[in-house]
Amino acid sequence: MIPRLHARAHSPREPLAEALGRPLSSNEGLTEYTVVAHWPGLGYYTPDDEQKTWTSVEWAEHLEDPYLEHLFAASPDDDRHPILHLDVRLHPDDRELTGPEWAETAHRFARAAGIEVPGSAEHGWRWIAVQAQPGRLDLIANLIHVDGTWRTPPADILQRLAGEARRIEQDLNLIPVRTGTTPRSAARTVPSASAQLAGVLTQLADEQAGPLATVRGLVEHTAYRIARQPGAADTDTAHRLELIARRLHAVQQDLDATAAHLAQPRAAAAPAAARRTAHPSP
């Protein structure tokens, strides 16, 4: 089980579409078999299980509401990208989880990420968990509290998610991630030139703190602001900016793939003895 934290977004629409593996729809209702878990306070806002008939567009609007209600909410460092998105992928040979197991997994990761806190059911952070693709669970949350305050994720969120993944693997009898062992001599080996270049590309492609992630976030934010302006011309401009943001995301993925290729160990050279030319016997 491998958790992956995405770059924070301005709107939940693109993360939700990615989780579903298809565009959002105002006609297709998402059942409890797709939205397998959500923040406990949802029942206070939608009595009688009304949310069971929501479309993907309505789910996105529900996640977006805290931002629209608190337009000036921002993180301590003035970040205005409140949408947290993480996905969890099972090992290809893992068994298929049941609905309750996916729901339990979602709540455990929500607590590990700090967006579900015991005792804050009706006054918490909005999040949903989507299980729409085989062996994959997506958790999408708004870091803006219903009272307008901003929830800053724990500084060690990646370590918390990884630790929770190991515990869930054990509890649900799933295939663990192979960590392997590294000889002490290998730990002291100086990285090759390819490995160093791979590190540079990885930093560029980093979806949390990389420069492209910053640029992409600014483009998405601008597109969102322009889309809220009246006029067809503004709508067209916002759409063009969204396409630019998607291309930037594709560039990040290409850089990440290239870095992984560079980091792969090269085939060992033939032993020196095998390369020597045989000398005729005297």
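Biologist: Trp54 and Trp59, are they buried or exposed?
Modeller: Both Trp54 and Trp59 are buried. Keep in mind that this is a predicted model.

Biologist: How many aromatic pairs does the structure hold?
Modeller: There is one aromatic pair. It is made by the rings of Trp54 and Trp59, whose centres are 4.8 Å apart.

Biologist: And why is the pair edge-to-face?
Modeller: Because the planes of the Trp54 and Trp59 rings are at 70°, and planes over 60 degrees apart count as edge-to-face.

Biologist: What lies over the face of Trp125?
Modeller: Arg151 does, at 5.0 Å from the centre of the Trp125 ring.

Biologist: Let's change topic. How many helices and strands does the protein have?
Modeller: Ten helices and five strands. The chain has 282 residues, and 42% of them count as buried.

Biologist: What about contacts between residues at least 6 apart in sequence: what share join residues at least 24 apart?
Modeller: That share is 75%.

Biologist: And how much accessible surface is there?
Modeller: About 16,100 Å². Carbon and sulfur atoms account for 55% of that surface.

Biologist: Is Asp87 buried or exposed?
Modeller: Buried: its relative accessible area is 0%, and the cut-off for buried is under 20%.

Biologist: Which side chains make a polar contact with the side chain of Asp87?
Modeller: One is the side chain of His6, at 2.5 Å. Another is the side chain of Arg89, at 3.2 Å.

Biologist: What else does Asp87 touch, leaving out residues up to four places away in sequence?
Modeller: Asp87 touches Ile2, Pro3 and Arg4 as well as His6. It also touches Arg136, Leu137 and Asp138.

Biologist: Next, Asn142. Which strand does Asn142 lie in?
Modeller: Asn142 is in strand 5, residues 136-142.

Biologist: Why does Asn142 count as buried?
Modeller: Because its relative accessibility is 0%, and anything under 20% counts as buried.

Biologist: Which backbone oxygen lies 2.7 Å from a polar atom of the Asn142 side chain?
Modeller: The backbone oxygen of Leu63. Leu63 is also among the residues that Asn142 touches, including Glu64, Pro66, Tyr67 and Trp125.

Biologist: How far apart are Asn142 and Trp127?
Modeller: Their C-alpha atoms are 6.4 Å apart in space, and the two residues are 15 apart in sequence.

Biologist: Where does Thr152 lie?
Modeller: Thr152 is in the loop between strand 5 and helix 5. With a relative accessible area of 43%, Thr152 is partly exposed.

Biologist: Which residue other than glycine has a positive phi near 55°?
Modeller: Asn173. Asn173 is in the loop between helix 5 (157-171) and helix 6 (184-187). Its relative accessibility is 66%, so Asn173 counts as exposed.

Biologist: And Thr235, where is its place?
Modeller: Thr235 is in helix 9, residues 232-263. It counts as partly exposed, at 48% relative accessibility. The C-alpha atoms of Thr235 and Tyr224 are 9.7 Å apart, and the two residues are eleven apart along the chain.

Biologist: Last thing, confidence. What pLDDT does the protein average?
Modeller: The average is 79, and 77% of the residues score at least 70.

Biologist: Where does pLDDT stay under 50?
Modeller: One stretch is residues 179-190, for which the model has one contact beyond four places in sequence. Another is residues 268-278, with two such contacts.

Key
Residues are numbered from 1 along each chain as its sequence is written. This is a predicted model: local features need pLDDT of at least 70, side-chain atom pairs count only at pLDDT 80 or more; totals for chains, interfaces and linings use all residues. Side-chain values use heavy atoms; hydrogens and water are left out. Helices (H or I, at least four residues) and strands (E, at least two) are DSSP runs, numbered from the N terminus. Buried means under 20% relative accessible area, exposed over 50%, partly exposed in between (1.4 Å probe, protein chains only). A polar contact is a pair of N or O atoms within 3.5 Å; within protein, one must be able to donate a hydrogen and the other to accept it, and residues adjacent in sequence count only if both atoms are side-chain atoms. Contact means heavy atoms within 4.5 Å. Accessible areas come from the Shrake-Rupley method with a 1.4 Å probe; for residues, only the protein chains shown count as cover. Rings of Phe, Tyr and Trp (its six-membered ring) pair if their centres lie within 6.5 Å; planes under 30 degrees apart count as stacked, over 60 as edge-to-face and the rest as tilted. A charge sits over a ring if NZ of Lys or CZ of Arg is within 6 Å of the ring centre and within 35 degrees of the ring normal. pLDDT is the predictor's confidence in each residue, from 0 to 100.
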